[in-house]
Amino acid sequence: MVYVVIIFLWTAILLYILLGGADFGAGIIELFTSRANRPRMRKKMYEAIGPVWEANHMWLIIVIVILFVGFPKIYTTVSIYLHIPLVCMLMGIIARGTAFVFRNYDAVKDDMQKVYTPIFVISSVVTPFFLGIIAASAVSGQIDLQARDFLSAYVFSWLSWFSVTVGIFTVTICAYLANIFIIGEAEDEQDRQLFTRKARRTIFVVMAAGGLVFLAAHSEGIPLLNWIFSDVPGIIALIMATISLVITFVLLNRNKPVMLRLLAGFQVTMILFAATYSHFPDIILLKGGDNLSLLTHQGQFKTIETLGYALLIGSIFIIPALVYLIYSFQQKKGNTSAH
């Protein structure tokens with residue numbers, strides 16, 4: 001049953017990156033859009049992310065619950081030694097959601113609208129940035145359980161060039177996903193060309209950010225290349241991600257929005273697989289060579305068993321509800337367009 005729980009954990013992380021990432025990317029794109037194009041870009045972006053905006057943090061909650069219930073040692077280590085980036089990420093989530101609601105649904109449209117927009121776009125960058133830092137810190141070997149001072153325990157456990165570059169890479173991935181999602185919402189050729197140009201630029205930005213991650217890993221002695229290229233599945237995943245990226249670049253010249261979204265999701269899936277496969281089941285690599293494993297540091301058998309059944313039963317309700325949510329938004333969009 002522990003493998004069922006692990007599959008749910010990995011899938012929830014992936015879905016949060018895909019759906020939450022596209023959501024965060026909406027604000028990132030808005031930040032780098034000219035004032036003249038910003039109104040129509042904003043409208044199309046919210047049509048693209050509307051079906052998942054209502055539920056994307058559900059996946060983060062599932063991740064937290066799984067770690068808290070099923071892997072308390074891992075949950076405790078992360079929440080203690082990475083509490084600073086965790087708090088920053090959570091503050092970004094709260095600020096972003098609050099600004100989004102007030103900006104779009106406030107009954108009174110006044111000068112405060114000028115305040116909500118900067119909060120929304122800045123928190124859209126801050127949140128995935130610290131999410132990437134947390135992920136990188138977990139495998140960078142910087143967490144020192146024997147640390148005796150504040151900086152060593154709670155700052156240098158996450159503050160490194162590798163973690164920062166992974167944070168930047170995560171931001172670019174979110175922007176890339178949002179760019180791909182928005183193309184399908186373009187109703188005229190001018191908008192489609194605008195969003196396509198942005199998507200092309202984002203692809204090159206993602207590649208550059210990925211290169212920085214490898215350089216930072218090499219400079220800090222993190223065997224990232226070895227993790228990816230030491231196993232055949234990791235190599236295959238990276239090759240598949242590269243091929244699908246080339247196909248995406250070609251299809252940007254054609255009106256294939258569904259295929260583009262599928263390819264973008266596939267690319268992120270392959271990247272996450274390549275980054276996690278080689279050191280599975282270790283989820284946290286500690287300073288000194290120790291690690292925390294999903295198999296060794298799991299909770300009691302009965303706890304894992306109950307958690308596994310709860311996740312299986314819960315998915316019976318969650319998946320149809322999510323499908324209906326997407327369907328409802330599509331119907332609403334169609335009715336709005338008809339009027």
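Author: A salt bridge is counted here when a side-chain nitrogen of Lys or Arg lies within 4 Å of a carboxyl oxygen of Asp or Glu. Side chains of opposite charge can pair when their charged atoms come close. The model is predicted, and local features need pLDDT of at least 70, side-chain atom pairs count only at pLDDT 80 or more, while totals for chains, interfaces and linings use all residues. Residues are numbered from 1 along each chain as its sequence is written, and side-chain values use heavy atoms, with hydrogens and water left out.

A search of the whole structure finds two salt bridges, and one of them joins aspartate 23 to arginine 96, whose closest N and O atoms are 2.8 Å apart. The partners sit in distant parts of the chain, 73 residues apart, with aspartate 23 in helix H1 (residues 2–31) and arginine 96 in helix H5; helices (H or I, at least four residues) and strands (E, at least two) are DSSP runs, numbered from the N terminus.

Helix H5 (residues 83–105), which carries arginine 96, also packs against helix H6 (residues 113–139), with the axes 7 Å apart and at an angle of about 150°. These axes are lines fitted to C-alpha atoms over the stretch in contact, and angles run from 0 to 180 degrees between N-to-C directions. That angle makes H5 roughly antiparallel to H6, a label given to angles over 145 degrees, whereas those under 35 count as roughly parallel, 65 to 115 as roughly perpendicular and the rest as oblique. The crossing of H5 past H6 is left-handed, meaning that the near helix is turned anticlockwise from the far one by less than a right angle, with clockwise giving right-handed. The contact of H5 with H6 contains 17 nonpolar, six polar and two charged residues, where Ala, Val, Leu, Ile, Met, Phe, Trp, Tyr, Cys and Pro count as nonpolar, Asp, Glu, Lys and Arg as charged, and the others, Gly among them, as polar.

Another helix pair can be described in these terms: the axes of H8 (residues 161–183) and H9 (residues 189–219) come within 8 Å and cross at roughly 160°. That makes H8 roughly antiparallel to H9, and H8 passes H9 in a left-handed crossing.
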